[in-house]
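Dear colleague,

Please find the structure below, together with its sequence. My notes on what was found in it follow.

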Amino acid sequence: MSETLEPAREQLGTRVFAAQVELLFESSPRNLAASLGGSSLAAALFYRESRSLSVLVWWLALGLVTAARYALVQRYRLRRPAAEEARAWARRSTLGALAAGALWGLCLTTLVPPWGSGAYVLAVFMLAGIPAAALGSNVAVFPNFLAILLPFLVPQREAYRKDSS
């Protein structure tokens, strides 16, 4: 009896995961726009404080990653993939999330202005806001959330350990 139910369970699991991936891609344009807006604000404030070319390079790199992620969303929408392709699309999205998380982590460990500057306050809000936004927008496909969160938070932990010693 359970042998006859196994294909039905597997098919249901595939359809449920496909729906989760669809939710991820459905919410992506808003999230990517928010990332672009937040990175533009951060770059403007951080550059004003530091006049460092590194800030502009970071901003352009994140813009390119965001554009690539948006192109992936558009390809997904045009293809309207079958449920069986959901895992491949989730992997592609997770790679983009990993690149974005790494760039945000780089920003908040190397480009943050010194304590006491106005832009430093923004950096503190970003430390809390980026993981919160990532959770809300990527929870449908949890590896996507981890791909943003881990390269974002691990460098923060290391920077904090180095500063506190």
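Surface patches, as used here, are made of residues with over 30% relative accessible area and no salt bridge, where like charges are joined within 9 Å and nonpolar side chains (Val, Leu, Ile, Met, Phe, Trp, Tyr) within 5 Å. Accessible areas come from the Shrake-Rupley method with a 1.4 Å probe, and for residues only the protein chains shown count as cover. A salt bridge is a side-chain nitrogen of Lys or Arg within 4 Å of a carboxyl oxygen of Asp or Glu.

Please note that this is a predicted model, in which local features need pLDDT of at least 70 and side-chain atom pairs count only at pLDDT 80 or more, while totals for chains, interfaces and linings use all residues. Residues are numbered from 1 along each chain as its sequence is written, and side-chain values use heavy atoms, with hydrogens and water left out.

Overall architecture

The chain holds five helices and zero strands, in the order α-α-α-α-α from the N terminus. Helices (H or I, at least four residues) and strands (E, at least two) are DSSP runs, numbered from the N terminus. Of the 165 residues, 36% are buried; buried means under 20% relative accessible area, exposed over 50%, and partly exposed in between (1.4 Å probe, protein chains only). Among contacts (heavy atoms within 4.5 Å) with a separation of 6 or more, 74% join residues 24 or more positions apart. The chain exposes about 10000 Å², of which carbon and sulfur atoms supply 65%.

Surface patches

Leu135, Val139, Phe142, Leu146, Leu150 and Val154 make a nonpolar surface patch of about 500 Å². Helix H5 gives the most to this patch, with four residues. Leu146 lies in H5 and counts as partly exposed, at 32% relative accessibility.

A patch of positive charge is formed on the surface by Arg75, Arg87, Arg91 and Arg92. Here Lys and Arg count as positive and Asp and Glu as negative, while His and the chain ends are not counted; the place of a charge is taken as NZ of Lys, CZ of Arg, CG of Asp or CD of Glu. Helix H3 (residues 86-111) supplies the largest share of the positive patch, three residues. Arg92 belongs to H3 and is partly exposed, with a relative accessible area of 36%.

Individual residues

Asn144 is placed in helix H5 (residues 142-164). Its relative accessibility is 0%, so Asn144 counts as buried. Beyond its neighbours within four places in sequence, Asn144 is in contact with Leu24, Ala90, Ser93, Thr94, Ala97 and Asn138.

Tyr70, in helix H2 (residues 53-79), is partly exposed at a relative accessible area of 39%. Apart from neighbours within four places in sequence, Tyr70 is in contact with Pro29 and Leu32.

Arg51, in the loop between helix H1 (2-50) and H2, has a positive phi of about 55° although it is not a glycine. Arg51 is exposed, with a relative accessible area of 56%. Arg80 is found in the loop between H2 and H3, and its phi is near 45°, a positive value in a residue other than glycine. Arg80 is exposed as well, at a relative accessible area of 69%.

With kind regards
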